[in-house]
Amino acid sequence: MTAEANTDRVIALFERLPALVEANVDLVKRGRFLSTDFALVVGATPLLVRVEAGRVTSVARGPFLLRPWTFSITATPETWLKLLKPVPDPGTHGLMALSKVGLARIEGNLQTFMANLQVIKDIVTAPRALM
């Protein structure tokens with residue numbers, strides 16, 4: 001599969017986040033105190049994810065001009081696909097693992113990210129259900 005095809009596949013998966021998160025009642029309940037905008041960057045393509053009271057209300061595809069986000073997570077399309085496998089390999093099983101081995105970059109307000117780490121990890125990996 002080409003890099004462009006992988007990018008399109010990952011973006012299509014992330015664009016389904018609103019329905020996937022809404023279907024997970026437990027995740028919405030645990031995330032009820034999280035309201036933020038964050039960026040998921042797939043290769044060079046940014047996606048702006050809006051979370052309101054634990055619900056993903058929108059996923060917008062960039063590029064953006066002067067659109068704020070609280071934090072961003074950047075990785076290659078191939079890395080995102082490794083993370084979203086139903087049973088990921090060691091070192092690609094979570095956001096912190098990807099960051100530790102240098103496959104992902106987490107930037108911005110890390111306090112918001114770390115205070116809501118489990119909810120954010122569960123939101124970002126929700127597309128595993130589709131793999």
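I began with the elements: helices (H or I, at least four residues) and strands (E, at least two) are DSSP runs, numbered from the N terminus. I noted that this is a predicted model, in which local features need pLDDT of at least 70 and side-chain atom pairs count only at pLDDT 80 or more, while totals for chains, interfaces and linings use all residues. Residues are numbered from 1 along each chain as its sequence is written, and side-chain values use heavy atoms, with hydrogens and water left out.

Entry on helix H3. I found Arg30 and Asp26 both in helix H3 (residues 25-30), four residues apart, which is about one turn of the helix. Their side chains form a salt bridge at 3.0 Å, N to O, the term meaning a side-chain nitrogen of Lys or Arg within 4 Å of a carboxyl oxygen of Asp or Glu. I also recorded that Asp122 joins Asp26 and Arg30 in a network of salt bridges.

Entry on accessibility. I took buried as under 20% relative accessible area, exposed as over 50%, and partly exposed as in between (1.4 Å probe, protein chains only). Arg30 is partly exposed at 34%, and Asp26 is partly exposed at 45%.

Entry on the other pairs. I counted seven salt bridges in the structure. One of them joins Asp8 and Arg61 at 3.5 Å, N to O, and this pair links distant parts of the chain, with Asp8 in helix H1 (residues 3-14) and Arg61 in strand E3 (residues 55-61), 53 residues apart. Asp8 is partly exposed at 38%, as is Arg61 at 44%. I then looked up Arg105 and Glu107, whose side chains meet in a salt bridge at 3.2 Å, N to O.
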